[in-house]
Amino acid sequence: MSYKLSPSKLNTLVDCERCFYLDVKEHIPLPRGHFPSLPCGMDQKIKKIYDEHRAAGTLPTELAHFTEARLFENQKQLDIWRDNFLGLRWHGQHGNILSGAIDDLIIEKEKLVIVDYKTRGWPLKDKNTIPHYYENQLHLYKLLGEKNNLPMADYGHLIFWTPDAQNGAIAFNREVKTIALSTPKAKELLKYALTVLSQDTLPKPGKECQHCSRYRRVERVMKCYETRAAQTTPPKPPLTLPPSTEPHPPEHPTSTEHGNAA
Ligand code: SF4
């Protein structure tokens, strides 16, 4: 059996093996619920700003201190790598595919550096601790780049956009966090994923998520309601058909019908 994996699916794995297994192996993803449109809108606008800088050969303000850097120039190629249905892609062993859509790239010392925009409601609680899901995502992008024979840098930039009230209007603060990237960590994650998927039994649910235990409680409550409803519903009377208006056929043939009336 072959699998289609992505950084977001592999991040699910870290939180809950069961959810990952159900999504990738049984094609039952978690319902997405109502997804706020603001981060998507922001993502599009940031990409547009970066593309304008690309065309002009300049750097956005938050990256201007990287004096030796420039934005990756090939817009057409970047558009493919940004596409959720195409992205950076690697066909691994046994038909498995890993793919991920990147936000942007800069070139520093002739190496490609992953740039990922993160729109958040508020800054990171601990500025020195980057959440594991952001790091994993970038480790995997580095691996994807290398599998496509790209000269990837061993670090990447996360750019956090957080809203702020300034002079009676909403503005966005931007903060760049540079993190070290590790191909072995990405490979470890992939190996872990394939081990979980090779199991024939459903893995245990993650500790943090309460959805599964809620679902089991809902199921128990529904059964109780169904049982009570069955007990309180008066038994239905047996089905009686209305009397037929058709004449009844004779039960036995008459002697006339046998031709011996005389
Ligand atoms: S515990 Fe949560 S994340 Fe895990 S399988 Fe259940 S719903 Fe999914």
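Which residues are buried in H2? I looked this up first, after noting the conventions.

**Conventions.** I am working with a predicted model, in which local features need pLDDT of at least 70, side-chain atom pairs count only at pLDDT 80 or more, and totals for chains, interfaces and linings use all residues. Residue numbers start from 1 along each chain as its sequence is written. Helices (H or I, at least four residues) and strands (E, at least two) are DSSP runs, numbered from the N terminus.

**H2 and H1.** I find Glu17, Cys19, Phe20, Tyr21 and Val24 buried in H2. I call a residue buried if 20 or more other C-beta atoms lie within 10 Å of its own, exposed if 12 or fewer, and partly exposed in between, with C-beta atoms placed from the backbone. The cover over these H2 residues includes strand E1 (4–5), helix H1 (7–15) and helix H6 (183–198). In H1, I list Pro7, Leu10, Thr12 and Leu13 as buried. They pack against E1, H2, strand E4 (97–100), H5 and H6. Contact here requires C-beta atoms, placed from the backbone, within 7 Å.

**Core.** I find 38 residues in the largest nonpolar core, and Leu105, Val113, Ile114 and Tyr141 have the most contacts inside it. Such a core is a set of buried Ala, Val, Leu, Ile, Met, Phe, Trp, Tyr and Cys residues joined through C-beta atoms within 7 Å. Tyr141 touches Pro7, Leu88, Gly100, Ile102 and Ile114, if neighbours within four places in sequence are left aside.

**H5 against H6.** How do the axes of helix H5 (residues 132–147) and H6 cross, and within what distance do they come? I read a crossing at roughly 100 degrees, with the axes coming within 8 Å. H5 is therefore roughly perpendicular to H6. Axes are lines fitted to C-alpha atoms, for helices over the stretch in contact, and angles run from 0 to 180 degrees between N-to-C directions. Under 35 degrees counts as roughly parallel, over 145 as roughly antiparallel, 65 to 115 as roughly perpendicular and the rest as oblique. From H5, Asn136, His139, Leu140, Lys142, Leu143 and Glu146 meet Thr183, Lys185, Ala186, Lys187 and Leu189 of H6. I count 4 nonpolar, 3 polar and 4 charged residues in this contact.

**Positive phi.** Most residues other than glycine have a negative phi. I noted Glu110, not a glycine, with a positive phi of about 60 degrees. Glu110 sits in the loop between strand E5 (104–108) and strand E6 (111–119), and is exposed, with 7 other C-beta atoms within 10 Å. Asn149 also has a positive phi, near 60 degrees. Asn149 lies in the loop between H5 and strand E7 (152–166) and is exposed, with 7 other C-beta atoms within 10 Å.

**Spacing.** I placed Tyr133 in helix H5 and found it partly exposed, with 14 other C-beta atoms within 10 Å. Tyr133 and Asp15 are 118 residues apart in sequence, yet 9.4 Å apart in space, C-alpha to C-alpha.

Terms used: Contact = placed C-beta atoms within 7 Å. Nonpolar A, V, L, I, M, F, W, Y, C, P; charged D, E, K, R; others polar.
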